[in-house]
Amino acid sequence: MDIELFDYYLPEELIAQEPSKVRDECRLLAVNKTNKTYEDKIFKDIIEYLKPGDVLVRNNTKVIPARLFATKDKTGAKVEVLLLKDLGDDTWECLCGNAKALKENVVLHFKDDIMLGTCVKVLDEGIRHIKFSYKGIFYEELDKIGLMPLPPYIHKECENKSDYQTVYAKVEGSAAAPTAGFHFTNELLEKIKEKGIKVLDITLNIGLGTFRPVKVKDTKDHVMHSETYEIKKEVADELNKAKAEHRRIIAVGTTAVRTLESNYAKFNSFKEENSATSIFISPGYEYKAIDSLITNFHLPKSTLVMLVSAFMGREFTLECYKHAVDSRYRFFSYGDSMFIY
């Protein structure tokens with residue numbers, strides 16, 4: 001499909017620059033995809049749409065302060081580094097600004113030499129493999145020098161690192177947040193559990209795919225970058241039980257969708273797995289794993305708008321987005337939410 005089919009008009013002032021003051025009091029567009037109807041609500045009203053026996057699946061990945069600034073050994077040239085994927089042995093796949101200056105064996109100095117980095121491999125599109133040296137524990141040292149990797153459309157720095165983190169973030173390793181989960185508070189999650197809804201955690205570490213726009217004209221030519229995920233045995237067992245009993249599986253965010261659909265497509269059931277996915281979901285895709293979706297409002301012509309369009313139809317998706325624009329909803333990472341059921 002032509003990616004122009006997934007474009008929509010968005011005034012710049014609707015791009016949220018900071019999170020809601022109270023997480024679960026952002027706005028919610030509750031969308032019935034079968035009846036093609038929608039209602040304007042507040043996020044904490046989502047409990048009205050959840051039923052005992054539902055299974056809520058969330059991504060418990062934790063964003064690391066992955067945005068680093070360095071100077072090149074000898075020349076002092078400035079290089080910006082974004083950590084994308086832990087390759088093991090203190091080596092990371094990184095997206096680098098001023099990448100032409102970063103050739104093999106070049107050494108980088110990070111903030112008071114708290115860390116040093118050596119470029120060990122040069123790849124296309126600004127990707128480099130960098131081996132880090134430091135004293136102490138990697139993530140503790142990283143916390144001293146790194147900034148939260150906010151998307152380029154957010155122009156304010158993170159005043160509090162917890163703002164760009166879900167309240168249930170646990171497994172360190174993401175270069176971006178699973179933002180559909182921002183709207184949950186611990187209190188709301190407790191109420192959801194008290195109503196008889198099972199809450200399960202999977203992990204997908206978000207990497208390069210989040211930062212790369214679609215550059216092709218036709219969706220069939222787009223290639224997604226690979227991201228690692230993990231589903232534990234007890235989670236797979238609970239999901240299979242829900243499937244067998246025809247209970248709803250509700251994905252919190254597109255990363256949970258991609259994890260569950262990848263796993264289910266591979267085994268025709270849910271299975272314990274530590275793997276990677278480069279699944280690209282667009283119209284024509286047949287959903288097998290999930291029944292409902294909680295998600296934010298995504299960038300025009302993005303793979304995430306395509307994923308939502310595959311779930312509830314392109315024309316109806318764009319109708320809902322137009323309603324959100326006309327109703328002055330807040331968009332993107334810090335923005336408002338949709339529940340599609």
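Is arginine 328 buried, partly exposed or exposed? Arginine 328 is partly exposed, with a relative accessible area of 45%; here buried means under 20% relative accessible area, exposed over 50%, and partly exposed in between, with a 1.4 Å probe and protein chains only.

## Basis of the model

The model is predicted: local features need pLDDT of at least 70 and side-chain atom pairs count only at pLDDT 80 or more, while totals for chains, interfaces and linings use all residues. Residues are numbered from 1 along each chain as its sequence is written, and side-chain values use heavy atoms, with hydrogens and water left out.

## Helix α3 and its surroundings

Helix α3 spans residues 233-244; helices (H or I, at least four residues) and strands (E, at least two) are DSSP runs, numbered from the N terminus. The 12 residues of α3 reach 16 Å from the first C-alpha to the last, close to the 16 Å expected at 1.5 Å a residue, where the expected span is 1.5 Å times one less than the number of residues.

Val235, Ala236, Leu239 and Ala242 are the buried residues named in α3. Seen down the axis of α3, the buried residues fall within an arc of 125 degrees, so they line one face of the helix; the arc is that of the directions from the helix axis to the C-beta atoms. Glu234 and Ala244 are exposed on the other side of α3. The cover over the buried residues of α3 includes β3 (55-59), β12 (198-204), β13 (227-231), β14 (249-252) and α4 (254-267). Histidine 246, which follows α3, has a positive phi near 55 degrees.

## Nonpolar cores

A nonpolar core is a set of buried Ala, Val, Leu, Ile, Met, Phe, Trp, Tyr and Cys residues joined through side-chain atoms within 4.5 Å. The largest such core has 67 residues, and those with the most contacts inside it are Tyr164, Leu239, Ile290, Leu293, Phe331 and Met338. Helix α5 (residues 303-312) supplies the largest share of this core, seven residues. Another core lies apart from it and has 28 residues, among them Ile64, Leu102, Phe138 and Ile145.

Contact means heavy atoms within 4.5 Å. With neighbours within four places in sequence left aside, tyrosine 164 is in contact with Val63, Met148, Pro149, Leu150, Pro151, Cys158, Ala176, Ala177, Phe182 and Tyr334. Serine 309 is placed in helix α5 and is buried, with a relative accessible area of 2%. Leaving aside neighbours within four places in sequence, the contacts of serine 309 are Phe6, Pro283, Arg314 and Thr317.

Strands β1 (residues 27-32) and β2 (residues 37-42) run antiparallel and are joined by six bridges; two strands pair if DSSP finds at least two bridges between them. Asparagine 32 stands opposite threonine 37 in β2. The hairpin has four residues between its strands, and lysine 36 takes a positive phi near 55 degrees.

Arginine 23 lies in the segment before β1. Between arginine 23 and glutamate 187 there are 164 residues of separation in sequence and 11 Å in space, C-alpha to C-alpha. Not counting residues up to four places away in sequence, arginine 23 touches residues including Ser162, Asp163, Gln165, Phe182 and His183.

## Salt bridges

The whole structure holds 22 salt bridges, each being a side-chain nitrogen of Lys or Arg within 4 Å of a carboxyl oxygen of Asp or Glu. One of them pairs glutamate 13 with arginine 328, the closest N and O atoms being 3.5 Å apart. This pair links distant parts of the chain, with glutamate 13 in the segment before β1 and arginine 328 in the loop between α6 (314-326) and β17 (337-340), 315 residues apart. Glutamate 13 is exposed, at a relative accessible area of 56%.

Arginine 248 and aspartate 54 form a salt bridge at 2.7 Å, N to O. Arginine 248 is in the loop between α3 and β14 and aspartate 54 in the loop between β2 and β3, 194 residues apart; both are buried. The side chains of arginine 258 and glutamate 227 also meet in a salt bridge, at 2.5 Å, N to O. Arginine 258 lies in helix α4 and glutamate 227 in strand β13, so the pair ties together parts 31 residues apart in sequence. Arginine 258 counts as buried at 5% relative accessibility, and glutamate 227 is buried with a relative accessible area of 4%.
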